[in-house]
There are 2 protein chains.
Amino acid sequence: MLKNFERKKSEDKDALNAEIKEIREKLLAQQQLIRDQKLPVLVLIEGWAAAGKGTLVKELISEIDPRFYNVSSPAVVPESEERYPFLYPYFSAIPENGKFMFLDSGWMESTVRKYLRHEITKEEYKRRVRQVNEFERQLRDGGYVVLKIFLHIDKDEQFDRLQDLVDWPETEWRVTPEDLWQHKEYKRFLEAYDEFMEKTGGCVPWHILDGSRKKAAVRDAMKLLYTRIDQALAAGRYVGEPFEEDFPLQKMPKLKDVDLSPAIDGEEYKKELKKLQKRLSELHNMIYRKKIPVILCYEGWDAAGKGGNIRRVAYPLDPRGFDVRPIASPLPHELNRQYLWRFWTRLPRTGHICIFDRTWYGRVMVERLEGFCTEKDWQRAYNEINEFERQLTDWGAVVLKFWIHIDQETQLARFTERQNTPEKQWKITDEDWRNREKWPQYEVAVDEMLQKTSTENAPWYIIESNDKKYARIKTLRIIVDALEKACDEAFKRQME
Amino acid sequence: MLKNFERKKSEDKDALNAEIKEIREKLLAQQQLIRDQKLPVLVLIEGWAAAGKGTLVKELISEIDPRFYNVSSPAVVPESEERYPFLYPYFSAIPENGKFMFLDSGWMESTVRKYLRHEITKEEYKRRVRQVNEFERQLRDGGYVVLKIFLHIDKDEQFDRLQDLVDWPETEWRVTPEDLWQHKEYKRFLEAYDEFMEKTGGCVPWHILDGSRKKAAVRDAMKLLYTRIDQALAAGRYVGEPFEEDFPLQKMPKLKDVDLSPAIDGEEYKKELKKLQKRLSELHNMIYRKKIPVILCYEGWDAAGKGGNIRRVAYPLDPRGFDVRPIASPLPHELNRQYLWRFWTRLPRTGHICIFDRTWYGRVMVERLEGFCTEKDWQRAYNEINEFERQLTDWGAVVLKFWIHIDQETQLARFTERQNTPEKQWKITDEDWRNREKWPQYEVAVDEMLQKTSTENAPWYIIESNDKKYARIKTLRIIVDALEKACDEAFKRQME
């Protein structure tokens, strides 16, 4: 705790230098192992303004090959990231396997500062604490080394340092009004830091270092880093255990019990399509103005009609306000990061609609069935995905998930038609036929997915698509209803 | 020209609908060929406010599989992109091979608007015109289909449309003060649009469509798109011819004539290193405040000492204000775009330092020697790279390029040492030995590169690195001198 932190005794300079030299060499030798074992390392340095966070980062990276680390700082997060969820800049910054990322302050500083400034409510603060814990656990369970350091100085020391900086024209600009405010409110910050560290130390512990002893802090940070990595290398890549959290789940039918006969006749289809598209277009305007982000997720059997369905939804939308994100096999730099990273970095901004053509649910379908991840990985994923989606809906997003459903006979008929129609042949590949053979295994996986991830805040909808027209109308109606409701609720909040 | 544009006669609605249906089907069938031949298609829609650009884009994409197009609009370019060069958002937006990108207004609107608002000078306007021509030619020469459409309406029509929009609460927000100002200044805009189109139609022509005839405009745009793509498919992927533009080049020695004996003794090295690093640290503060972007490019023989050199430059820098970008082999999504794309998207923001560990010069070295591009491609690249770097220095960047030079014997000695030192073995691969065998071919390519791309604004420096310490000091001194000069010049401009 900061409030009973005891300042260290001054140490002998030469002995310290010798120690640092030694640990530096050990870190240097360790780098090859990090690369070989593809260990990703995330180091978060938080602490008081003027405590020396930047200098500490500089020392930590000084012996690392520049190809293997990155440094990021919320000070350089563009304002536009304010239009993304809280964790967005941090999840975006996670390192690739075999590399380091150093964060010069991060989720703690941004949360505490906003909270003390009353820019976020108590409820939002609590949510953030929960999200931070989820984030850190997900990284740990995904095999990341996460090291969190808090660099501490007392109020007098901060006074002296700020004064030194302000007195020199070359460094004066570094002291922001925020920093001076922090100094004024030192006591409140101290309590808030302690509270935050207490609430977020459960999964990944905090280490408080004495920033007034610069060299000793460097030595201590290097030792911590070396030891944490050494343990991780010795233990082999960590794979987190599955666990179940209590999400409010909706009951979903088994796929085999879904009645696929619903259909719509051509005239009614045209009429309904026109009406719903018109309404969707109006709602797009409204959600844009109310800055509500919308995330539409499409999964379904091959040839179920996802593409055509998406086109009917996209048609009435203003192209400036939506994106379709087709999800193919992960690229190397995506495979080299926690599996949700490539979705985090594709999120829409507030007021925008994002349509995912296939999604993060690949983790519990193709990756599960093809053995692209371990059993623990995909079993853990249900919960991680529920957390991810709750982070999105906490942010204010409308999240709707569609399983576009057909039966095996319909798929066979559509495959055959594609095969026999020259303009459609590109749509059918050998892989589609191979996947078809695994229909029973997929059905088990999809059923489990629907049971375990249809939360109240981000529900699944099974869309009967033997009749594609029926499927389109049903999907459009669900979207329109959800957006109406979201606009109403936004208005209610405005009126409160 | 807009000023003598003749409005089209109204056409029969049914006939038009039939035509649109027909061309739609042709476009649909064409998509497979675009994918097969991996043709990238960039469509720019410019035009008056309320002319119907968004609606036109919507019609053009309505039949395209959502996996194969993207829509972008400067309206959604975050403000943070203001801190990048003018072409940054447009170069970043170019499509992958086999895909479409639709831009809902772009480099024309942003240039004309800023010019008429006196936010950019006449000189900057001229530079932008030149840069646009370079950009479009580079895309064309790289095999891109670029289609530019201007959607025209006259002043009365614009009045009616703006009024319609303003009268409805759902659409009122779409009319910006900028749009109203444009309407007031209609005549000035008309002349400015004409001037811009005249000056940028040389390489990729403009097509003016009558926005007051909505259906006809859709038909015409679809026809243009279909025809341009059809021609490109028939001709096969276009590879631009090399050409020479008159850049002010500095005379460079041949590598074999470089005296590699310079060395520095250990004591002097320490003294100089400390002095130069201290000064660099101060200068980093200054360029940060003056918002000068700095781009340092490292190329050189394997084992020449690039990594250690970069570390000595990076050490005194504030980690929040610089990045090292290691350039490895291009990833699939990078290979699928014009070769400069992966560098454009890695540029620093103003005030930041970016160190490229290997660069775009791979085009005229490894890609040339390994046959990864055609002879015309790498021959054209000298000029394209000179243009690229001029675009960077026009923006205000300091661009310095270092060839870290050693002789063959030194390389052999260092390779052998790496091979025999367990901690260094990861640094040496079979590929390094293979590249070593190609030393003579590389030397020819490097000599040609140095001769053809050492411009006054972005010069090459040959860094003698048989003695690595000497090399580091020389590099640091060049950087320090260049940054001093840049700060002086920035101050002079401030005083003008």
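**View 1. A bridge between two strands of chain B.** The bridge partner of B:Leu296 in β9(B) is B:Leu400. This is a predicted model, in which local features need pLDDT of at least 70 and side-chain atom pairs count only at pLDDT 80 or more, while totals for chains, interfaces and linings use all residues. Residues are numbered from 1 along each chain as its sequence is written, and chains are lettered from A and ligands numbered from 1 in the order in which they are written. Strand β6 (residues 294-300) and strand β9 (residues 398-405), both of chain B, pair in the parallel sense over 7 bridges. Pairing requires that DSSP finds at least two bridges between two strands. Helices (H or I, at least four residues) and strands (E, at least two) are DSSP runs, numbered from the N terminus.

**View 2. The open sheet of chain B.** In chain B, 5 strands with parallel pairing form an open sheet, in the order β7-β8-β6-β9-β10. Axes are lines fitted to C-alpha atoms, for helices over the stretch in contact, and angles run from 0 to 180 degrees between N-to-C directions. Two residues are in contact if their C-beta atoms, placed from the backbone, lie within 7 Å.

**View 3. Helices α1 and α10 of chain B.** Helix α1 (residues 13-36) and helix α10 (residues 214-235) of chain B pack at an angle of about 30°, with their axes 10 Å apart. α1(B) and α10(B) are therefore roughly parallel to each other, a term for angles under 35 degrees. Among the residues that meet are B:Leu16, B:Ile20 and B:Leu27 in α1(B) and B:Met222, B:Tyr226 and B:Ile229 in α10(B). By class, this contact has 13 nonpolar, 1 polar and 6 charged residues. Ala, Val, Leu, Ile, Met, Phe, Trp, Tyr, Cys and Pro count as nonpolar, Asp, Glu, Lys and Arg as charged, and the others, Gly among them, as polar.

**View 4. The contact of chain B with chain A.** Chain B gives 41 residues to the contact and chain A gives 41 residues. Elements giving two or more residues on the side of chain B include α1, α11 (266-289) and β7. That side has 19 nonpolar, 8 polar and 14 charged residues.

Definitions and conventions
Parallel < 35°, antiparallel > 145°, perpendicular 65-115°, else oblique.
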